[in-house]
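Open the model in your viewer and keep the selection tool ready. Each stop below says what to select and what to look for there.

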Amino acid sequence: MEKSEHIWMDGKLVPWHEANVHVLTHTLHYGYGAFEGIRCYRTGKKESAIFRLPEHVQRLFNSAKILDIEIPFTPAEITRAILKVVAVNKLEECYIRPLVFLGDNKMGLNPEGVNVRVAIAAWPWGTYLGDDGLNQGIRVRVSSFTRHHVNITMTKAKVCGYYVNSIFAKAEAVRDGYDEAILLDANGYVSEGSGENIFLLSGDRLLTPPLFQSCLDGITRDAVFEICKHLKIELAEATITRDELYLADEIFLTGTAAEITPIREVDHRTIGNGKKGKVTAKIQKTFFDIVAGKFPKFKKWLTNVSL
């Protein structure tokens, strides 16, 4: 990790190495907290912008509401803090991690009365699945681990503890020589990656699983819907089976970290011609043009940062 200089904690900036918590921090023990992943992109010479900042802040507050955690700051205060962290660290491009967590004044499974704390860090972080993955595509396997059931863990929240499920799937995939995992839902249908939404092209139909199949309501996922409208590409939500993955012409993953990453192989089955497909390439190029500030139509998605 390439460290930056300062982290925002509970309303003030502190040096990176002083942004510490006690070993009895409640969220460290029980995973009861919410977080976001946000990216800032360079949009010009000495100009940068954060991608869909209001939507990320709103999802953070939505996650906290689902957990019944009251964040001790307003959305406007968190938004200003995020901008400040990027600016004070002079980060032209970076990954931003807001975290809402419970403190160390009480232990036990009942979270009532535990102090609510907020931290915001930002640091330079390149392509999550590698530049080669963006260009050539990645290899994935269908995980032996099942995605959360919607009434076991509420999947519209981006909750710290939920990601143990993702870690199991990701670690298994990497141990087996793959780059990423695809998880099925409790009924055996395709849900999402360990940290990404998934899209599949079959013929002229671009499909993605509906959110009720244990999918996180991805902000990049939503952006793809808007990009497809702009490009006049037909896109629909649909239940997808495992074997439909094998027969797909193109597959790609989306997420703040993964951006738009093509898949070239699933369970040793080559997808399409084993390269980034034409539709994927078109959507991917449009996405990167948007975050670079080249599309006036989508300027609304960019919040400028004064470095």
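Predicted model: local features only at pLDDT ≥ 70, side-chain atom pairs only at ≥ 80, totals over all residues.

**Stop 1: helix α6**

Select residues 219–231, the 13 residues of helix α6.

Now show the side chains. The buried residues of α6 are I219, T220, R221, A223, V224, I227, C228 and L231. As background, residues three or four places apart on an α-helix point the same way, because there are 3.6 residues a turn. Step past the end of α6 to K232, where phi is positive, near 60 degrees.

**Stop 2**

Begin with R52, in the loop between β5 and α2. Its phi is near 50 degrees, a positive value in a residue other than glycine. Is R52 buried or exposed? R52 has a relative accessible area of 6%, so it is buried.

Next, select α2 itself. Its 15 residues should span 21 Å at 1.5 Å a residue; the end C-alpha atoms are 21 Å apart, in agreement. The buried residues here are L53, H56, V57, R59, L60, F61, S63, A64 and L67.

D68 follows α2 and lies in the loop between α2 and α3. D68 also has a positive phi, near 65 degrees, and is not a glycine. With 72% relative accessibility, D68 counts as exposed.

M154 sits in the loop between β8 (138–146) and α5. M154 counts as partly exposed, at 44% relative accessibility.

**Stop 3: strand β4 and its partners**

Select residues 38–44, strand β4. Five of its seven residues are buried, so the strand is mostly covered. Which strands pair with β4?

- β6 (residues 94–102) runs antiparallel to β4 and is joined to it by three bridges. Find R39, whose bridge partner in β6 is Y95.
- β5 (residues 47–51) also runs antiparallel to β4, with four bridges between them. Find Y41, whose bridge partner in β5 is A49.

**Stop 4: aromatic rings**

Show Phe, Tyr and Trp side chains. A search of the whole structure finds 14 aromatic pairs. Start with W8 and F73, an edge-to-face pair with centres 5.0 Å apart and 65 degrees between the planes. W8 belongs to strand β1 (residues 6–9), and F73 to the loop between α2 (53–67) and α3 (75–88); the two are 65 residues apart. Both W8 and F73 are buried.

Move to F35 and Y163. This pair is edge-to-face as well, at 5.1 Å centre to centre and 65 degrees between the planes. F35 lies in strand β3 (residues 33–35) and Y163 in helix α5 (residues 163–175), so the pair ties together parts 128 residues apart in sequence. F35 has 9% relative accessibility and counts as buried.

Then select F51, F287, F288, F295, F298 and W301, which form one aromatic cluster. For a charge over a ring, centre on Y246: the charged end of R269 sits over its ring, 4.1 Å from the centre.

**Stop 5: pocket and cavities**

The largest pocket holds about 600 Å³ of space. Which residues lie nearest its centre? They are F35, R97, K158, Y163 and G195, out of 27 lining residues. The elements that give two or more residues to this lining are β6, α5, α6 and β14 (250–255). Helix α5 gives the most, with four residues.

The largest cavity has a volume of about 100 Å³. Its lining has 13 residues, and R147, T155, A157, Y162 and E192 lie nearest the centre.

Methods
Residues numbered from 1 in each chain as written. Heavy atoms only, no water. Expected span 1.5 Å × (residues − 1). Buried < 20%, exposed > 50% of the residue type's maximum accessible area, 1.4 Å probe, protein only. Pairing = 2+ DSSP bridges. Phe/Tyr/Trp six-rings, centres within 6.5 Å; stacked < 30°, edge-to-face > 60°. Lys NZ or Arg CZ within 6 Å of the ring centre and 35° of its normal. 1 Å grid on protein atoms, 1.4 Å probe; cavity = no way out; pocket = protein on both sides within 12 Å on 5 of 7 lines; lining within 4 Å. Points joined across faces, edges and corners; volume = space filled by probe spheres on them.
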